[in-house]
Amino acid sequence: MAELNTGDGGGKKGSKKVRSKKSNSKVDLTAMVDLAFLLITFFMLTTSLSKPQSMDLGLPDKEEDKTKEKPIKVDQVRTLTIIMGKDNKLKWFHGLLEAPEPGGSPTDATYGKNGIRKEILKRVTSIPQATGDKDKGMIVIIKPTKLSTYRNLVDILDEMAICDVPTYAIVNDITPEEQKLVDEMNK
């Protein structure tokens, strides 16, 4: 049991007066220790820890029958394609590869605010103006190659969130023309 001494209860040394000896007063601190552990336990159980934040990613349903698959036509004015290669390299083009939009021919870029983000932000505002409909925003097609890393894909998805891109898709189908771009990029 814990105790607290508040003095010895006797008089001064050498004094001639004789006083009766007082017993030391004791404070029992056991209840305080119990109370402290109860409070710690209460706050540990009632405190909510920060929840991990993640980005929503909509994936298509798995279909068994591939014969029903129809190619999706996308407006080339609204489309920006990003192809990711090895060593943190990427190429982008606006429109179709065979007939790119003005100022949208295949271009090398880097990740970050001075690289691909600048191009995406430019087109996020210009594409709705070009289409004349604010609901028809930019569509980004992300094409990771076998040589790109998972970190590169996460970086591009972060750029989509930062730039508020309304529609984007991850596609693993690379055409032969795009493969030529990848080979040139990975040299």
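**Helix α4 and the strands and helices around it**

Student: In this predicted model, which strands are included in what covers the buried residues of α4?

Tutor: The model is a prediction. Contacts here are heavy atoms within 4.5 Å. By that criterion, the cover over the buried residues of α4 includes β1 (79-84), β2 (90-94) and β4 (139-144).

Student: Why do the buried residues of α4 lie on the same side of the helix?

Tutor: Helix α4 spans residues 176-185, and its buried residues are Glu178, Leu181, Val182 and Met185. They lie on the same side of α4 because the arc they cover around the axis is only 100 degrees.

Student: Which exposed residues does the face of α4 turned away from its buried side carry?

Tutor: Exposed residues have over 50% relative accessible area. On the face of α4 opposite its buried side, the exposed residues are Pro176 and Lys180.

Student: Which residues point each way from β4, and are they buried or exposed?

Tutor: In a regular strand, side chains alternate between the two faces of the sheet. From β4, Ile139, Ile141 and Lys143 point one way, while Val140, Ile142 and Pro144 point the other way. Strand β4 is mostly covered, with six of its six residues buried. Both sets, then, are buried.

Student: How many bridges join β1 to β4?

Tutor: The two strands run parallel. Within β4, Lys143 stands opposite Ile83. The number of bridges joining β1 to β4 is six.

Student: In β5, which residue is the bridge partner of Ile142?

Tutor: Strand β5 covers residues 167-170 and pairs with β4 in the parallel sense over four bridges. The β5 partner of Ile142 is Ile170.

Student: What is the handedness of the β-α-β unit made by β4, α3 and β5?

Tutor: The helix of this unit, α3, comprises residues 150-162. The buried residues of α3 pack against β4 and β5, among other elements. The unit formed by β4, α3 and β5 is right-handed.

Student: Is Glu119 buried or exposed?

Tutor: Glu119 is located in helix α2 (residues 116-131). Its side chain makes a polar contact of 2.9 Å with that of Arg123. The relative accessible area of Glu119 is 16%, and the cut-off for burial is under 20%. Glu119 is therefore buried.

Methods
Residues are numbered from 1 along each chain as its sequence is written. This is a predicted model: local features need pLDDT of at least 70, side-chain atom pairs count only at pLDDT 80 or more; totals for chains, interfaces and linings use all residues. Side-chain values use heavy atoms; hydrogens and water are left out. Buried means under 20% relative accessible area, exposed over 50%, partly exposed in between (1.4 Å probe, protein chains only). The arc is that of the directions from the helix axis to the C-beta atoms. Two strands pair if DSSP finds at least two bridges between them. A crossover is right-handed if, with the strands pointing away from the viewer, the path from the first strand over the helix to the second runs clockwise. A polar contact is a pair of N or O atoms within 3.5 Å; within protein, one must be able to donate a hydrogen and the other to accept it, and residues adjacent in sequence count only if both atoms are side-chain atoms.
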